[in-house]
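Here's a friendly walk through one protein model, one piece at a time. Have a look at the structure below, then read on.

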Amino acid sequence: MRTLRIVPHLRSSVVEEMPPDQALLFTSERDDTDVSLYAHRDVRPFSWPALVRALRDPELELLEVAEPLWTAEWVRALRYAVLARLLRPRFPRSRRRVAVATYAIENLDAHDRLRRFPDRPLLGPVVSRLRLLATGASMLLLDAVVFGTTGAAENHRRAFGWALRRTRHAVLPPRLGPCSVCGPVDGAGEREPTVLFLGTPSERKGFGSLMAAWELSGATDRGWRLLVADPEGAREHDGLPTGVTVRVAPPRAEVHALLRTAAVVAMPSVRRPGWREQIGLPLVEGLAHGCRVVTTTETGLAPDLGDHPQVVLTAPGDVDDLADGLRRAMAPAPAGMSAYSGHTKGDVVAWWLDAVGARRGT
Ligand SMILES: [Zn+2]
């Protein structure tokens, strides 16, 4: 094992994209996690003995931890990183230092993300400033950072430019196709007149706007349907517009099948207090399967996707604009190429190993 990833929330896509020579420890599982996927992989629940065992592996070169702006996870990550630094030299067969890396996609402004006590005019700014400084200082423990979007890179440079100057970093947006499970899918071929909404139907994912825009778009009259694949099914789905159906907790294989056949994926995310869309898995998965994607400018990838022929960007929370976006997404995609260049998780890990190898002089 050359790399160890400690992942806060295990989901199926994390296992599907695992590069070779990687082991994975997870602290919790998402509802969409398909256990059969990791039956033959080095994937197990996090425990301190499991981490110590991994740190004894002489082949281990790199530890990937959660990103700094995910505060609770980052506090845990610092403990893992410090343990690696302290323990590693004590194992006789594994004296090589383990580098620490992170993949950062947080797109909500760091000042907003770390703000505390907004109603306290004196205490609030002081505590928020201290949190910002402490987060920047703790980032000095990182050897390498890869940003998953231009939006995330700009956010971190604004807040932590001084800390990043001491760390190797790069922007490597995710690869947008083909799917690592299904292989290449013909995006130009005949598709079912279906719009997919993948995920929990919440306000921040723009579900309310989507329902209103769906009615406004007149899609049902034109023979289209909207399918909601809700992994949890925690809330009632009464009073949905005509043409909208809900599938609760579909197995992973069914999600891939839906993505291979549906024409459009909708991910109309809106900003909420304390939350902003980072990348959006439905966007990545939709494009990986040749779907057209209608989304909003809230994703951190929006600056990277402006010229993508399969992507329709709309204004967040604007029902008229979203209805117009749905109509455009349901029409055949215009010809053209995007300058977008994406990277697999394997590419990211290879970049980290190169970066920390160069630093070590190996
Ligand atoms: Zn697939």
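Predicted model: local features only at pLDDT ≥ 70, side-chain atom pairs only at ≥ 80, totals over all residues.

Let's start with a single residue. You'll find Ala249 in the loop between strand S10 (244–248) and helix H8 (252–261). Its backbone is worth a look too: Ala249 has a positive phi of about 50°, although it is not a glycine.

Phe117 is another residue to check. Here again there's a positive phi of about 50° on a residue that is not a glycine. Phe117 belongs to the loop between helix H4 (110–114) and helix H5 (123–138). So is Phe117 exposed or partly exposed? Phe117 is partly exposed, because 13 other C-beta atoms lie within 10 Å, and exposed would take 12 or fewer.

## The seven-stranded sheet

Now for the sheet. Seven strands make up an open sheet with parallel pairing, and their order is S3-S2-S1-S4-S5-S6-S7. At the edges are strand S3 (43–45) and strand S7 (168–171), each of which pairs on one side only. On average, neighbouring strands of this sheet are turned by 20° against each other, ignoring direction.

Zoom in on one pair: strand S5 (residues 99–104) and strand S6 (residues 144–147) run parallel and share four bridges. Take Thr102, for instance, whose bridge partner in S6 is Val145.

## Helices on the sheet

Helix H3 (residues 71–87) packs on the sheet, where it touches strand S1 (3–10), strand S4 (62–65) and S5. The direction of H3 makes about 165° with that of S4.

Helix H6 (residues 150–164) packs on the sheet as well, touching S5, S6 and S7. For H6, the angle with the direction of S6 is about 150°.

Zooming out, the protein chain splits into domain 1 (3–172 + 343–360) and domain 2 (192–330). Going by C-alpha atoms, the centres of domain 1 and domain 2 are 29 Å apart. Their contact takes 14 residues from domain 1 and 15 residues from domain 2.

Which elements give two or more residues to the side of domain 1 that touches domain 2? They are helix H1 (12–16) and H6. H6 provides the largest share of that side, with three residues. By type, the residues on this side of domain 1 come out as three nonpolar, seven polar and four charged.

Methods
Residues numbered from 1 in each chain as written. Pairing = 2+ DSSP bridges. Axes fitted to C-alpha atoms, helices over the stretch in contact; angles between N-to-C directions. Contact = placed C-beta atoms within 7 Å. Domains from an automatic or database assignment. Nonpolar A, V, L, I, M, F, W, Y, C, P; charged D, E, K, R; others polar. Buried ≥ 20, exposed ≤ 12 C-beta atoms within 10 Å, placed from the backbone.
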